[in-house]
Amino acid sequence: IIVLPKHTPVNINSATVPVLMSLGDGLSKAQAEQIIQIRNNLQGFKSLAEFNENEDIKKMNILEKDIT
């Protein structure tokens, strides 16, 4: 179990599946794995805008204050 203090931003380029699952209202394992797959395909997100503009990620309702 990974417990993060409230309002701890997560680095989207290094976060593991369990950490990504803590984002938003709680992502499923499949959603977290999908973010990692997208991240790997892009060889990392170049910016928060690139992350937020991805159509699949938009559907996950991740708040910008939760990521870095």
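Hi everyone, let me start with how the chain is connected. In the protein chain, 42% of the contacts between residues at least 6 apart in sequence join residues at least 24 apart, where contact means heavy atoms within 4.5 Å.

A word on the ground rules. This is a predicted model, in which local features need pLDDT of at least 70 and side-chain atom pairs count only at pLDDT 80 or more, while totals for chains, interfaces and linings use all residues. Residues are numbered from 1 along each chain as its sequence is written, and side-chain values use heavy atoms, with hydrogens and water left out.

Now the layout. The protein chain has four helices and zero strands, and from the N terminus the order reads α-α-α-α. Helices (H or I, at least four residues) and strands (E, at least two) are DSSP runs, numbered from the N terminus.

How much of the chain is buried? Of its 68 residues, 32% are buried. Buried means under 20% relative accessible area, exposed means over 50%, and partly exposed is in between, with a 1.4 Å probe and protein chains only. The accessible surface is about 4500 Å², and 51% of that belongs to carbon and sulfur atoms. Those areas come from the Shrake-Rupley method with a 1.4 Å probe; for residues, only the protein chains shown count as cover.

Let's go inside. The largest nonpolar core holds 18 residues, and the ones touching the most other members are L20, L23, I35, F45, F51, I57 and I62. The elements giving two or more residues to this core are α1 and α2, with the largest share, four residues, coming from α2. By nonpolar core I mean a set of buried Ala, Val, Leu, Ile, Met, Phe, Trp, Tyr and Cys residues joined through side-chain atoms within 4.5 Å.

Please find F51 on your screens. Beyond its neighbours within four places in sequence, F51 contacts I12, I35, F45, I57, I62 and I67. Both F45 and F51 are buried. The structure holds one aromatic pair, and F45 and F51 form it edge-to-face, 5.0 Å centre to centre with 85 degrees between the planes. Rings of Phe, Tyr and Trp (its six-membered ring) pair if their centres lie within 6.5 Å; planes under 30 degrees apart are stacked, over 60 edge-to-face, and the rest tilted.

Next, α2. Which residues of α2 are buried? They are A32, I35, I36, I38 and R39. Seen down the axis of α2, these buried residues fall within an arc of 160 degrees, so they line one face of the helix; the arc is that of the directions from the helix axis to the C-beta atoms. They pack against α1, α3 and α4. The face turned away from the buried side carries the exposed residues A30, N40 and N41.

Finally, a few backbone details. Most residues other than glycine have a negative phi. Q43 is not a glycine, yet has a positive phi of about 60 degrees. Q43 is in the loop between α2 and α3, and counts as exposed because its relative accessibility is 73%. N61, in the segment after α4, has a positive phi near 55 degrees and is also a residue other than glycine. At 57% relative accessibility, N61 counts as exposed.
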